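Please examine the structure shown below. The briefing that follows treats its helix packing, its chain interface and its salt bridges in turn.

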Amino acid sequence: MDLDMNAPHSMGTTIIGVTYDGGVVLGADSRTSTGMYVANRASDKITKLTDNVYVCRSGSAADSQVVSDYVRYFLHQHTIQLGQPATVKVAANLVRLLSYNNKNMLQTGLIVGGWDKYEGGQIYSVPLGGTILQQPFTIGGSGSSYLYGFFDQEWKDGMSKDEAEKLVVKAVSLAIARDGASGGVIRTVIINSEGVTRNFYPGDALPLWHEELESRNSLLDIVSSASPEPMSI
Amino acid sequence: MAKSVIDVPPKGGFSFDLCRRNEMLSEKGVKPPSFRKTGTTIVGLVFQDGVILGADTRATEGPIVCDKNCEKIHYMAPNIYCCGAGTAADTEAVTDMVSSQLQLHRYATGRESRVITALTLLKSHLFSYQGYVSAALVLGGVDFTGPHLHTIYPHGSTDTLPFATMGSGSLAAMAIFESKYREGLTRDEGIKLVSEAICSGIFNDLGSGSNVDVCVITKGCTEYLRNHKLPNPRTYVSSRGYSFTKGQTEVLSTKITPLKKNKVEVVEGDAMEE
């Protein structure tokens, strides 16, 4: 097993953004990998840009962190100049401008989601080339490949907050089950007129899917049992 | 339209001036010098009163150990220290540079440096060099907002964690942390766990070895425990000792060159006037 510790830090990732009646729900896994090693098993991929706008990051960890830092800085200035909270559209466009104008050097897919008083809850997808696309829901990252069919079937317009969050958690959980580059815990951020709520779902509390086994805490559980099964190759 | 030639100082980034020369040399068979790397195991953890950083002390140049007792825990500020893995020159240079920038910032603001300031300075420098500055760092410190521990990768991404390991021995050290770490460790428990993790790297990783350095940072107090553990003492002592009597070395030829006496003329300058 060849571990290249100098491989760029990438977030294998599954990221999701979903609108519901009254706001948005953003969800992500928590695995950051350097080649085949998990560098951070509990990373937070949902980053705050302003009080009312958050972004889900995927792709190169360094590139996505730098882009969100710049956008946070620009939005802060913009908020001061505007005199009121920035709109989600402005935040998403700032992200898009950086991604598009530096497309040769950046490798990051972002999902911008938030709530403002003019348009309510909005989700904007800014994938690799720097396109901007507003959608009622969007998925991103390497684990998203496994979710297109799931969302085509399960997505409904006008869901409630709890329905939307359950959908997001189920989706990320399914992607984690199938994608090696996604894993760890599930983090969700709900943004609406009342504010922001962060939730955390530990990996071992997630439902098991087809042929998945219960996770064992340690080898000691097997060793201390009455008649341990001999190891088979 | 007049063309003005202004001597603009280089803006930074890689200087390509010597590339042709290097190419010519390698064609002639001159191999480029291998980089001095710190194979390394570096760790950090947050305990109840602050952070504890740990590092091994082996520096390697390819397969050779060039320094058996080097210092990998670098000073950044009185309350912030940084462990460095990767190319030794890069970790030294980048930590020295940011340490100076932090000191200037302290003079300008009149306040104690914050860990997040060091983090931002390091990550922006490393990102702008796109991973070519091969420095993987574990940055830890205590400021007025509390204890902080961060890892910084050569490409400029950072993570904030309660316990972290970096370097070639990071997997061995992480195995120790993942099984024994818990929140709210006391100072002695923390030092013991850090030493264990570094020893795991020293004994199981070929790129790490020699001794364990530990640095304990708490609010208002920093203790740098250099060579806290010496688990690899030199046990072989030559029985005859290392003495060489006169006459053991054969003299082939002798040439004596007397040094010329240089006449130095002292010119009396004018007395200094205000």
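In this predicted model, B:Val94, B:Met97, B:Val98, B:Gln101, B:Leu102 and B:His105 in helix 2 of chain B are in contact (heavy atoms within 4.5 Å) with B:Thr117, B:Ala118, B:Leu121, B:Leu122, B:His125 and B:Leu126 in helix 3 of chain B. These residues divide into eight nonpolar, four polar and no charged, where Ala, Val, Leu, Ile, Met, Phe, Trp, Tyr, Cys and Pro count as nonpolar, Asp, Glu, Lys and Arg as charged, and the others, Gly among them, as polar.

**Helix packing in chain B**
- Helix 2 (residues 88–109) and helix 3 (residues 115–128) of chain B pack at about 135 degrees with their axes 10 Å apart; axes are lines fitted to C-alpha atoms, for helices over the stretch in contact, and angles run from 0 to 180 degrees between N-to-C directions.
- Helices are DSSP runs (H or I) of at least four residues, numbered from the N terminus.
- Helix 2 and helix 3 of chain B are therefore oblique to each other; angles under 35 degrees count as roughly parallel, over 145 as roughly antiparallel, 65 to 115 as roughly perpendicular and the rest as oblique.

**Helix packing in chain A**
- The axes of helix 1 (residues 61–82) and helix 2 (residues 88–101) of chain A come within 10 Å and cross at roughly 135 degrees.
- Helix 1 and helix 2 of chain A are therefore oblique to each other.
- Among the residues making this contact are A:Phe74 of helix 1 of chain A and A:Leu94 of helix 2 of chain A.
- The residues of this contact divide into ten nonpolar, one polar and no charged.

**Interface and salt bridges**
- Chain A contributes 19 residues to the contact and chain B 20 residues.
- The two chains bury about 1500 Å² between them, 52% of it on carbon and sulfur atoms; buried area is the accessible area (1.4 Å probe) that two parts lose on being put together, summed over both.
- Two salt bridges (a side-chain nitrogen of Lys or Arg within 4 Å of a carboxyl oxygen of Asp or Glu) are counted between chain A and chain B.
- The side chains of A:Asp69 and B:Lys123 form a salt bridge (3.4 Å, N to O).
- Over all chains, the structure holds 13 salt bridges.
- A:Asp69 lies in helix 1 of chain A and B:Lys123 in helix 3 of chain B, so the pair joins two chains.

**Conventions**
- Residues are numbered from 1 along each chain as its sequence is written, chains are lettered from A and ligands numbered from 1 in the order in which they are written.
- Local features need pLDDT of at least 70 and side-chain atom pairs count only at pLDDT 80 or more, while totals for chains, interfaces and linings use all residues; side-chain values use heavy atoms, with hydrogens and water left out.
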